[in-house]
Amino acid sequence: MKILRKAADMKAIDKASMSEPYGIAPAVLMENAGRAVCEKGGVYVGGWSGKDVMILCGKGNNGGDGFVTARHILAEGGRVYVYAFGEKDGYSDESKAHLKTLEAMCDGERCSLIYYRTASDSALLIKQLDTCHVVIDALLGTGFKGELREPYKSIVMAVNEAAAGRHVTVISVDMPSGVNSDTGAVSGSESEEGSAPVMADLTVTFGAFKQGQFLYPGKACTGKLEIDHIGIPVALSEQCKEAVFLPERQDVIDAVRPRRVDSHKGTHGTVAVLTGCNDMAGAALMAVDGAVRAGAGKVFLYTPAETAKYCIARQPEVMVCGVGPTGTRTLGGSEAREIIDNLENVSVLVMGPGMGKHEGVFDFINYIAEKTTCPMIIDADGLNCLAKHDKQAFFKKYGKRTVITPHPAEFSRLSGLSVRDIKTDLIKAATDFVHTYGVNLVLKGAPTLTVSAKTGHVYVNRTGNAGMATGGMGDVLSGITAAMICHDGIDSLAVAACAAVYLHGAAGDYCARHIGPYGFTATEVASAVPKVLAQWDEARPMPALQEPYIMS
């Protein structure tokens, strides 16, 4: 599992690398970074020999990385045009040392170094862009926030235009200039006068992945992402305080262990989906479908009597129970009291999808929560109802055993933040909410975040695609999450939710590959879940050892 870092984290790690007991010279780290850009960039562009390469070097150490990169590309047979946007005396000592070496190599033919100062330098740069094969962006790195200013604003615009018009390859050093490495926010998003960020084809990052490389809109600017650890001590790279993780496929495969050969339906839990109203039976059906497809042992659907008529026999594996007298169209407090005795042996509850917005929804959810002790998943209308009541008191009582699964608009109602503010700093919005309310959170979107109420850890999901932006996907996810909570061997709600989100997205990716980039349905995603689970079983290096019940 990868750790995603903030700029301040990386600054502290760099400082620790250069201090005792490690004592790595700053110039060595810079040398390693520049060489990494040359090596990984060379693979991407098919070698440097015979290529004209423009290297844009900013005023900070990102620019120093660019000076080193230029020297290595020269050694590989490339021709470099280096633009330095800082004054010579303004660079750090290590950047000055590498700049001095580069100056000594300048011959005006294979290596040119221009100190960018005037409009004439801008005209020369734009003219040379017309002949370059590759542009290397070493302007700003991880320190950027806000909006690009001149001269970077115009330079980045010219680079993007050249890349779009002539297919010039753009490689960014550590981060595309104009992208906030903590939040993924980009230049140009706050004002009409702002300039768009560098749109990189390849980003070579150092030491650790950055949060902004996996959060939109910054993720869309990063292109292919390569990492080089540049000699940073492993002990420092693995340190985590405020941990944000990027689960990988193998992490989820390890968590979702194969079934034991002597297991039975009781081993895999009982899911009770308590939801639905007369005009939204589909949401209830998709939730139970997700639970069945993800492997729950038994699935019950408790839904209003009038809704039950449309659900019975639609999926014979699901035990449908109509609640209330004939004609009952919604669930409220009296319906909760009617079914509570049936929930004694339930492993996990799902409430919310398609419940409607009537006042009785809160009475239903609150009574069920009060009279049960098992985990709960609350989604959709259940969340909208909580937003109108005392959610602080509800989550104080039940948050630790609850997973909520809002999309941004639902989360906006719960948190009081605008959707714009949520997306501006997605991780902060999610972690602040969990810290305040103590509930496990799945904040759906691109990407989906899972935040643990117990540890505060954040898991950034990397599966899924735009074809999943259609009705019913969240209902299916609720059911999958319930099945993962029941899964034998998973004992953490956050881990179960994280696995469910990854599995749901992987099933969507399966549909995108086998059906088309969009137009597939939520039920088709549910149907793809067993296929993904089969692929995971095939990917295991060897059959998992079975733990027999009969020996102790």
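Biologist: Is His98 buried or exposed in this model, and which threshold decides the matter?

Modeller: A residue is called buried when its relative accessible area is under 20%. In this predicted model, His98 has a relative accessible area of 9%, so it counts as buried. His98 belongs to helix α4, residues 93-105.

Biologist: Which residues does His98 touch, once those up to four places away in sequence are not counted?

Modeller: The partners of His98 are then Ala27, Met30, Glu31, Phe67, Val68 and Arg71.

Biologist: Which residues does the UniProt annotation "binding site" cover?

Modeller: According to the unreviewed UniProt entry, the annotation covers Asn62, Asp137 and Ser177. These residues span 116 residues in sequence, yet no two of their C-alpha atoms are more than 10.1 Å apart, so they gather at one spot. Such an annotation may be inferred rather than shown by experiment.

Biologist: Where is Asn62 found, and what does it contact beyond its neighbours within four places in sequence?

Modeller: Asn62 is part of helix α3, which covers residues 61-75. Its relative accessibility is 9%, and Asn62 therefore counts as buried. Leaving aside neighbours within four places in sequence, Asn62 is in contact with Asp137, Ala138, Leu139, Leu140, Gly141, Val173 and Asp174.

Biologist: Where does Ser177 lie, and which residues does it touch?

Modeller: Ser177 lies in a loop, with β6 (169-173) on one side and β7 (202-206) on the other. At 0% relative accessibility, Ser177 is buried. Not counting residues up to four places away in sequence, Ser177 touches Asp137, Leu139, Leu140, Gly141, Leu148, Ser172, Pro197 and Val198.

Biologist: How is the protein chain divided into domains?

Modeller: The domain assignment gives domain 1 as 29-238 and domain 2 as 249-257 + 270-539. The contact between them takes eight residues from domain 1 and ten residues from domain 2. The two domains have C-alpha centres 43 Å apart. Between them, domain 1 and domain 2 bury about 710 Å², with 57% of that area on carbon and sulfur atoms.

Biologist: Which feature does UniProt place at residues 248-536?

Modeller: The unreviewed entry places "domain: YjeF C-terminal" there. Over residues 248-536 the chain is 48% helix and 13% strand, and the end C-alpha atoms are 12 Å apart.

Biologist: How many aromatic pairs does a search of the whole structure find, and why is the pair of Phe300 and Tyr302 called stacked?

Modeller: The search of the whole structure finds 13 aromatic pairs. Planes under 30 degrees apart count as stacked. The ring centres of Phe300 and Tyr302 are 6.3 Å apart and the planes meet at 20°, so this pair is stacked. Both Phe300 and Tyr302 are buried. Elsewhere, one aromatic cluster is formed by Phe394, Phe395, Tyr398, Phe411, Phe433 and Tyr437.

Biologist: Which charged end sits over the ring of Tyr367?

Modeller: The charged end of Arg337 does, 5.5 Å from the centre of the Tyr367 ring.

Biologist: Finally, where does Gln315 lie, and is it buried or exposed?

Modeller: Gln315 lies in the loop between α11 (305-311) and β13 (319-323). Its relative accessible area is 13%, so Gln315 is buried despite its loop position. Gln315 touches Leu285, Val288, Asp289 and Val292, not counting residues up to four places away in sequence.

Notes: Residues numbered from 1 in each chain as written. Predicted model: local features only at pLDDT ≥ 70, side-chain atom pairs only at ≥ 80, totals over all residues. Heavy atoms only, no water. Helix = DSSP H or I, 4+ residues; strand = E, 2+ residues; numbered from the N terminus. Buried < 20%, exposed > 50% of the residue type's maximum accessible area, 1.4 Å probe, protein only. Contact = heavy atoms within 4.5 Å. Phe/Tyr/Trp six-rings, centres within 6.5 Å; stacked < 30°, edge-to-face > 60°. Lys NZ or Arg CZ within 6 Å of the ring centre and 35° of its normal. Domains from an automatic or database assignment. Buried area = accessible area lost by both parts, 1.4 Å probe.
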